[in-house]
Amino acid sequence: MLPCFIAIAGPSGSGKTLFAQTIRERVAELEPLLGLALIKEDAYYRDQSHLSLEAREKVNYDHPAALEQELLQHHLQCLRRGEAVDVPVYDYSQHTRAADVERVRPAPVVIVEGILLLSDPGLRAEFDIKFFVDTPLDICLLRRIARDMQDRGRTLESITEQYENTVRPMYYEFIQNTARYADMVITGGGRNAVALDVVGSMVLGLLRESPTADIKA
Ligand SMILES: Nc1ncnc2c1ncn2[C@@H]1O[C@H](COP(=O)(O)OP(=O)(O)O)[C@@H](O)[C@H]1O
Ligand SMILES: Nc1ccn([C@@H]2O[C@H](COP(=O)(O)O)[C@@H](O)[C@H]2O)c(=O)n1
């Protein structure tokens with residue numbers, strides 16, 4: 001089943017990023033030579049450099065239209081064919097893409113994490129294994145407040161307004177019901193020790209069976 005494309009979906013603040021990064025760190029510790037690619041769906045938020053910052057602040061970032069999902073799908077197809085891709089870099093504080101791109105090379109295991117990965121049938125079909133991080137929404141909100149104030153340059157007022165107007169309603173419209181497409185549901189978020197062990201072992205197993213493992217050993 002190589003290359004293997006893994007989706008980690010779920011609501012904002014559920015712990016997708018922490019979960020995916022922890023898997024990557026564990027793999028890097030045990031098998032530093034075996035490549036694992038990690039991509040954030042957020043990198044594919046549309047470029048909005050043609051809009052004023054005021055206009056960008058009004059965009060609904062929890063609607064699928066805010067994302068260039070077709071570019072993400074295209075990039076996953078390139079990686080599957082063995083071609084490197086240039087993934088956009090997103091600047092949350094400016095609500096648009098930064099000038100840089102990040103080169104991602106083909107890898108035996110590619111993990112993608114994001115809120116809307118399972119909503120579009122075409123994009124969903126690119127994944128071999130699908131997880132949904134199912135954390136209660138009140139916990140997600142508390143985590144999001146702390147994270148967005150610390151890392152994304154947001155005020156408490158802007159977070160609560162955005163949450164009521166778009167984050168919460170779009171979750172119920174586009175995200176919640178995509179859990180049914182997941183092969184497995186992960187409760188609790190990025191520190192679920194059992195889920196990290198299970199998924200981590202699976203990823204290590206896949207990497208160790210890849211042909212590049214023999215070359216690098
Ligand atoms: N199980 C957990 N326990 C405590 N904090 C967590 C847990 N999972 C995630 N977090 C924290 O919550 C915040 C949001 O998590 P993050 O991984 O960014 O969520 P997502 O990518 O789903 O939006 C981060 O600050 C993260 O460190
Ligand atoms: N300019 C932007 C773009 C996105 N968001 C929010 O990010 C959330 C998705 O990312 P997570 O890491 O939290 O899963 C999504 O809920 C958007 O509201 C934003 O606030 N500003």
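Predicted model: local features only at pLDDT ≥ 70, side-chain atom pairs only at ≥ 80, totals over all residues.
Leaving aside its neighbours within four places in sequence, with which residues is Tyr45 in contact? Two residues are in contact if their C-beta atoms, placed from the backbone, lie within 7 Å. On that basis, Tyr45 contacts Tyr61, Ala66, Leu67 and Tyr90.

Residues are numbered from 1 along each chain as its sequence is written, while chains are lettered from A and ligands numbered from 1 in the order in which they are written. The chain has a mean pLDDT (the predictor's confidence in each residue, from 0 to 100) of 95, and 98% of its residues reach 70 or more. The model's scores are ipTM 0.98 and pTM 0.97.

Let us return to Tyr45. This residue sits in the loop between strand 2 and helix 2 (53–57); helices (H or I, at least four residues) and strands (E, at least two) are DSSP runs, numbered from the N terminus. Tyr45 is buried because 21 other C-beta atoms lie within 10 Å; the term requires 20 or more within that distance, with C-beta atoms placed from the backbone. The C-alpha atoms of Tyr45 and Glu68 are separated by 6.0 Å, although the two are 23 residues apart along the chain.

Tyr45 also belongs to the surroundings of ligand 2, together with residues including Ser12, Lys16, Thr17, Asp42 and Tyr61. Here a residue counts as near if its C-beta atom, placed from the backbone, lies within 6 Å. The shell around ligand 2 comprises 5 nonpolar, 4 polar and 3 charged residues. For ligand 1, Gly15, Thr17, Arg143, Gly189 and Gly190 come nearest of the 15 residues around it. Helix 1 and helix 5 (137–151) each give two or more residues to that shell.

I turn now to helix 1. Its buried residues are Lys16, Thr17, Phe19, Ala20, Ile23 and Val27. These pack against strand 1, strand 2, strand 5, strand 6, strand 7 (184–187) and helix 7.

Finally, the largest nonpolar core has 41 residues, among which Ala7, Ile8, Ala9, Leu36, Val109, Ile111 and Val203 touch the most other members. Such a core is a set of buried Ala, Val, Leu, Ile, Met, Phe, Trp, Tyr and Cys residues joined through C-beta atoms within 7 Å. Helix 7 gives the most to this core, with 5 residues.

Technical notes. Buried ≥ 20, exposed ≤ 12 C-beta atoms within 10 Å, placed from the backbone. Nonpolar A, V, L, I, M, F, W, Y, C, P; charged D, E, K, R; others polar.
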